Amino acid sequence: MIKFFKANMEPRKGLRIAEVIISILLCVASIVSIGYGMFQVNANVNDAKFIQSIEMTRDRELEDYSEDNTVCDVTYVSGDKQLVVSYSYEDYVQLEDDSITAYEYETDNGTKLYFDHQNITDQEIQHSYGQVKANELTPVFNFGIASFILMISVLIMTLFAKQFTTYEKSWFLSIMVLATIISVIFPEESANGVNGIIIMLLYLLDTFLNILCELLISKQSRYNFLVSVFVEIVEIAMCVVLMYRFATMVTTLLFWLPIDIISYINWSRHKDEEESELTVVRKLKGYQEVLVIVGIVVWTIVVGYFISGLDISTDFYNNQLLETAIIYIDACASAVGIANGLFIFFRLREQWIAWYICAFLEAVINVISGQYVLLVLKLGYFTNTTYGYIKWSKYIQSHSQEKQKQITV
């Protein structure tokens, strides 16, 4: 292992030292940021003084619960003041009032806390204080998480420097730096009882793993499938947390995970004769393209119709038109994704065209869902997809037609 890293790590001493220093600084920044945030969130609250009672109004736009939910959060607001009350589903369906009397307390360090009753306990004060501070310090936590993932990105480019071109390293690190910036500027809100910090962690992991996976695909490396397994796990977690994109989640479980494993085996059997790290790739025939397009259209209509008829609680609240649109877009994205998976399995250049379409459809969903940090991932898709398509095309053109006829699936 040590010999491998010595043979592949950054050969230029000055650049290698600079990358190591940057990695150390990012590690320190991550530890300091997360450590500071945890210290603030878990700080002991000695006392909370009652200030006043306030009438707050219920924000119904943030509610969309079904009998499958055991806990339903109802948000009450008054200007910039906010109170979240958790009800059981049985109590929630009987809740008719659009207002509530909130009781405002202030801690010894000036933090305002709101409750739906007086005579609060020390445990309630501590819990509420932790939630408030976690929301206030979300950008700090996001920066800490993003810095750690960025550190890993730099180390990968350092330890495997000889495996990547200057363009590839620059592209990879640029996307991760941009994702770090966006994660701080546009923090995620909590959803389905999961803190926005956890959601952002999933987004950043998804970005990191996806761009690394696609970079390896463009390099015709079979190791992309090993990274892809972790991609699928993260994306399943995202679907569960956000309670959306069920077509994608099912497709990931039943298709992508198995195809990753068998694709790794298939690619390993078709190594380039001159460069064992490369996999032999080819292109699709005309009539095959038509069959693929027809299959995608049929899949989109059938799956979209089926899922839109299910009574599933989603993260899109009470906007039925928006929810239906997302379902059909997701169904189409899952269909193109399946085609893409088959293209990759059969080592076909058309998988890059499928990447273009998938990236566009998912970008639309990301914009509607307010998942701005994931738009950075789509930017990475569009740029590297162009690079990969050109790279694969040059490889195919450089090999004789006679050699292409000998390729077996």
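Which residues form one aromatic cluster? In this predicted model, where local features need pLDDT of at least 70, side-chain atom pairs count only at pLDDT 80 or more, and totals for chains, interfaces and linings use all residues, the cluster is formed by Phe50, Tyr103, Tyr105 and Phe115. Residues are numbered from 1 along each chain as its sequence is written, and side-chain values use heavy atoms, with hydrogens and water left out.

A search of the whole structure finds 13 aromatic pairs, where rings of Phe, Tyr and Trp (its six-membered ring) pair if their centres lie within 6.5 Å, and where planes under 30 degrees apart count as stacked, over 60 as edge-to-face and the rest as tilted. One of these is the edge-to-face pair of Phe225 and Trp267, with 5.0 Å from centre to centre and 85° between the planes. This pair links distant parts of the chain, since Phe225 belongs to helix 8 and Trp267 to helix 9 (residues 246-268), 42 residues apart; helices (H or I, at least four residues) and strands (E, at least two) are DSSP runs, numbered from the N terminus. Both Phe225 and Trp267 are buried, a word that stands for under 20% relative accessible area, whereas exposed stands for over 50% and partly exposed for values in between (1.4 Å probe, protein chains only).

When neighbours within four places in sequence are left aside, Leu204 is in contact with Asn142, Ile145, Ala146, Ile149, Ala179, Ser183 and Val373, contact being defined as heavy atoms within 4.5 Å.

Helix 7 is largely enclosed by the rest of the structure, because 20 of its 23 residues are buried. At 1.5 Å a residue, the 23 residues of helix 7 should span 33 Å, which agrees with its end C-alpha atoms being 33 Å apart; the expected span is 1.5 Å times one less than the number of residues. Just after helix 7, Gln220 takes a positive phi of about 55°. For helix 12 (residues 351-369), the 19 residues should span 27 Å, and the end C-alpha atoms are 26 Å apart, which agrees. The buried residues of helix 12 include Trp352, Trp355, Cys358, Leu361 and Ile365, and the helix is followed by Gly370, whose phi is positive, near 75°.

Positive phi values were also found in loops. Most residues other than glycine have a negative phi. Asn119, in the loop between strand 5 (112-115) and helix 4, has a positive phi near 55°, and Arg347, in the loop between helix 11 (320-345) and helix 12, has a positive phi of about 60°. Asn119 is exposed, with a relative accessible area of 75%, whereas Arg347 is buried, at 0%.

Two buried polar residues were considered in turn. Glu168 lies in helix 6 (residues 166-185) and, at 0% relative accessibility, counts as buried. The side chains of Glu168 and Lys219 are joined by a polar contact of 3.1 Å, a polar contact being a pair of N or O atoms within 3.5 Å, of which, within protein, one must be able to donate a hydrogen and the other to accept it, while residues adjacent in sequence count only if both atoms are side-chain atoms. Thr107, in strand 4 (residues 99-107), counts as buried at 5% relative accessibility, and its side chain makes a polar contact of 2.3 Å with the side chain of Asn109. Leaving aside neighbours within four places in sequence, Thr107 is in contact with Val45, Asp47, Ala48, Leu113 and Tyr129.
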